[in-house]
Amino acid sequence: MPQHNYDACAATVGDHIGDLGYLKHDSSIEPLGFELVTHPMDYRFAVERFPWPLLERLTELGCRSDHSVGIHVHVSRDGFDSAAHIFRWAKLIYRNESQTVALARRRSSYAVFSPIARERVKHTAKDDLRRYGMNRYQAINPHPRKSLEVRVFAGSLDPQQVQAALAFVAASVEYSRTLTSTDVVRHGGWEWERFTTWVSQRGQYAPLRAEMEALACAC
């Protein structure tokens with residue numbers, strides 16, 4: 001962001017965000033920049049209550065965000081039904097690497113689709129930290145104490161792109177919640193086309209569908 005506007009930008013965030021979040025420094029955006037961190041909220045609350053005009057205002061003030069930084073979305077482990085649910089969800093993402101990367105608008109060394117991470121999804125699901133043998137720079141970071149961190153998305157000040165990142169995490173969790181072994185083996189339950197069809201039938205994920213279509217990764 002422009003140096004002369006740093007204080008104005010920070011004050012603008014404070015005016016808009018209220019008690020929904022806070023600003024912090026991050027080494028990846030030094031020497032002049034800040035990271036906006038929100039407090040926990042579900043997808044519907046975020047879409048309805050986050051002050052989305054803030055992003056346009058920051059753009060007007062000269063702020064920018066791009067693929068060199070990321071949108072990190074945490075999902076609570078308590079939001080899953082079981083370890084098996086976490087396993088199904090993580091497999092969905094890792095098995096659709098190319099489509100997820102296209103949707104994320106970047107491939108990053110800070111959000112790697114590691115073969116080791118993919119092989120150890122069952123340990124991620126069971127929260128078996130002793131057996132990870134991985135750093136946190138994975139597409140799905142398993143190390144936070146009570147959440148799983150999806151790190152793949154490029155930074156953005158475009159509301160649709162940010163909402164699509166939130167929607168992807170929320171939709172993939174809900175889609176995988178009721179998947180059965182029969183769905184996976186006989187009906188392609190982990191296939192991207194099956195997932196995108198499911199998304200298209202649910203209006204609450206409209207930002208995700210729109211972004212998939214814009215990036216040609218809707219099927």
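Thr100 lies in helix α5 (helices being DSSP runs of H or I of at least four residues, numbered from the N terminus), and with a relative accessible area of 0% Thr100 is buried, a term that stands for under 20% relative accessible area, with exposed meaning over 50% and partly exposed the range in between, for a 1.4 Å probe and protein chains only. The model is a predicted one, in which local features need pLDDT of at least 70 and side-chain atom pairs count only at pLDDT 80 or more, while totals for chains, interfaces and linings use all residues. Residues are numbered from 1 along each chain as its sequence is written, and side-chain values use heavy atoms, with hydrogens and water left out.

Leaving aside residues up to four places away in sequence, Thr100 touches Ile93, Phe113, Val152, Phe168 and Trp192, where contact means heavy atoms within 4.5 Å. Two of these names, Phe168 and Trp192, lead on to helices α8 and α10.

In α10, which spans residues 192-200, the buried residues are Trp192, Phe195, Thr196, Trp198 and Val199. Seen down the axis of α10, these buried residues fall within an arc of 155°, so they line one face of the helix; the arc is taken from the directions from the helix axis to the C-beta atoms. Their cover includes α4 (83-95), α5 (97-104), α8 (159-177) and α11 (206-214).

Two packed helices are described by the angle between their axes and the distance between the axes. For α8 and α10 the angle is about 105° and the axes are 11 Å apart, the axes being lines fitted to C-alpha atoms over the stretch in contact, with angles running from 0 to 180 degrees between N-to-C directions. This makes α8 roughly perpendicular to α10, the word used for angles of 65 to 115 degrees. On the α8 side the contact is made by Phe168, Ala171, Ser172, Glu174 and Tyr175, and on the α10 side by Trp192, Arg194, Phe195, Trp198 and Val199.

The structure holds 14 aromatic pairs, counted when ring centres of Phe, Tyr and Trp (its six-membered ring) lie within 6.5 Å. The ring centres of Phe168 and Trp192 are 6.2 Å apart and their planes stand at 35°, so this pair is tilted, a class between stacked (under 30 degrees) and edge-to-face (over 60). Phe168 in α8 and Trp192 in α10 are 24 residues apart, and their pair thus links distant parts of the chain; both residues are buried. Ring pairs also join Tyr43, Phe153, Phe168, Tyr175, Trp192, Phe195, Trp198 and Tyr205 into a cluster.

Key:
Helix = DSSP H or I, 4+ residues; strand = E, 2+ residues; numbered from the N terminus. Parallel < 35°, antiparallel > 145°, perpendicular 65-115°, else oblique.
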